[in-house]
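Subject: Handover of a structure

Dear colleague,

Please find below the structure that I am passing on to you.

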Amino acid sequence: MTHHSPAAARLGIGGLALLLVLAGSARPTAAAPAVTARTPRAVTVEEQRLDRAAPREILRRSGFDALAPRFGRALEGTGGYAQAERTVTRHASALWRRAVDRARGRGPATGDLSRGDDRPLYWARLALSRELRSWTPPFALGDEQRKALHTALESASRGEREIRFPDRRMKRVLVTGFDPFTLDRDVRIGNPSGASALALDGTVVRTADGPARIETVVFPVRWSDFAEGVVERTLARHLPRLDLFTTVSQGRPGRFDVERTNGAWRGGFPDNENTASTGPVPVADPDTRPQWTSTTLPYRQLTEAETGRFPVYDNTEVTEIPAGGTQPVTRPDGPTPGSAARAGGGGDYLSNEIAFRATLLRDRLGLPHLPGGHLHTPVLRFGAENTDPRTGTVTDPDFERNRSDIVRQVGELVRTAVTAGR
């Protein structure tokens, strides 16, 4: 998920506690005074896109169109907040497991869309969210309680609550992906990083140093969620026990990139809510926020290994304002001392931000030797005769082959990284 600008400390225990408190400070609680909600809430920008033809077709052709009505009926049967929370969590978790099972070839293949498609999960989650937002409960429900239910839906349907490493003898790997984005440009698109997360979740790969288990999560493309600490809340409890992590997003056409350097800057490109955000990446304890963080992934091995059809590059470019300067300068070989970040190798959008946040958390947790960083996939393209969103179909053989090749290569790159990092 690259957007380029137009040109292109370790904490002590007290600091870590502050980090985790602040990262969790925006998490809604159910303790707020309740008020009765009798009128449906307005749907979000993302939820409004559900009414377009392509999302409806994707849901129908995957069999995921039945999930929201089923969820709505279950909500109507709840008699209090605790029961509603259990209902939301159960249906959201089932959605995640169903998407993973579908991608991994388990269970019935509902619908005629290919199993590896990540889009049914995205649109079904929004359909559940819209059901929840429009639901008028028969009991008092405060705004904070309603927000807490949406948070439960989000976290459970993104795999955040499903990250488990039951076998201590196996290496532990965490891979993250993203939702589709730029949907007003083409509402049909998917995201190969999300597809990779679904295909890899719970898999075991063989390495020269024994088996490694991969767990995954898919993050939203929304500035506000990142500012509220969703990345840190999800990763903080797992990083100290991992052997490797990589955040993954869609990047440039025809190539993979291992992003060497991540910058502490938001460039303002609109997110999936059509909201822009420009300025320093908002993190806990901003006084200790560096301008740059670096990958600890084994980038040399990743670029040299034969992992698949697409070339893999060690991307060292950044955009900075040099010390004493006022204008952004693009540097091909990384930042210069004292410079201010304006774009990491992965740009200035949420792909750069997740890489910055994850690697900053790694450093603040005192894990300098933990291999981790960001991997950009090639852009997932439709076939040459299917590029116009106004007349094109939601899938085609080239689209499915491109996604399959990218997903397979992500898996090989992860396996290579685990082996190299032993």
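A charge is said to sit over a ring if NZ of Lys or CZ of Arg is within 6 Å of the ring centre and within 35 degrees of the ring normal. By this criterion, the charged end of Arg 188 sits over the ring of Phe 382, at 3.9 Å from its centre. Likewise, the charged end of Arg 260 sits over the ring of Tyr 299, 3.8 Å from the centre of that ring.

Please note that this is a predicted model, in which local features need pLDDT of at least 70 and side-chain atom pairs count only at pLDDT 80 or more, while totals for chains, interfaces and linings use all residues. Residues are numbered from 1 along each chain as its sequence is written, and side-chain values use heavy atoms, with hydrogens and water left out.

Overall picture

The protein chain has 13 helices and 14 strands (DSSP runs numbered from the N terminus: helices are H or I of at least four residues, strands are E of at least two). Its radius of gyration is 21 Å, close to the 22 Å that the globule rule gives for 422 residues, so the chain is as compact as a globular protein of that length. This radius is taken over C-alpha atoms, and the rule is 2.2 Å times the number of residues to the power 0.38. The C-alpha trace spans about 60 × 50 × 50 Å along its principal axes. Of the 422 residues, 57% count as buried (under 20% relative accessible area, with exposed over 50% and partly exposed in between; 1.4 Å probe, protein chains only).

Aromatic pairs

The structure holds nine aromatic pairs. Rings of Phe, Tyr and Trp (its six-membered ring) pair if their centres lie within 6.5 Å; planes under 30 degrees apart count as stacked, over 60 as edge-to-face and the rest as tilted. The ring centres of Phe 181 and Tyr 349 are 6.0 Å apart and their planes stand at 45 degrees, so this pair is tilted. It links distant parts of the chain, 168 residues apart: Phe 181 is in the loop between β1 (171-178) and α8 (192-200), and Tyr 349 in the loop between β13 (340-343) and α12 (350-364). Both Phe 181 and Tyr 349 are buried. Together with Trp 223 and Phe 269, Phe 181 and Tyr 349 form one aromatic cluster.

Phe 256 and Phe 310 form an edge-to-face pair, with 6.2 Å from centre to centre and 65 degrees between the planes. Phe 256 lies in strand β5 (residues 256-259) and Phe 310 in the loop between α11 (299-304) and β10 (312-315), so the pair ties together parts that are 54 residues apart in sequence. Phe 256 counts as buried at 0% relative accessibility, as does Phe 310 at 12%.

Two loop residues

Thr 316 is placed in the loop between β10 and β11 (318-321), and at 17% relative accessibility Thr 316 counts as buried. Leaving aside residues up to four places away in sequence, Thr 316 touches Arg 260, Arg 331, Pro 332, Asp 333 and Gly 334 (contact means heavy atoms within 4.5 Å).

Arg 252 lies in the loop between β4 (244-250) and β5 and counts as buried at 15% relative accessibility. The C-alpha atoms of Arg 252 and Thr 393, 141 residues apart along the chain, are separated by 23 Å.

Yours sincerely
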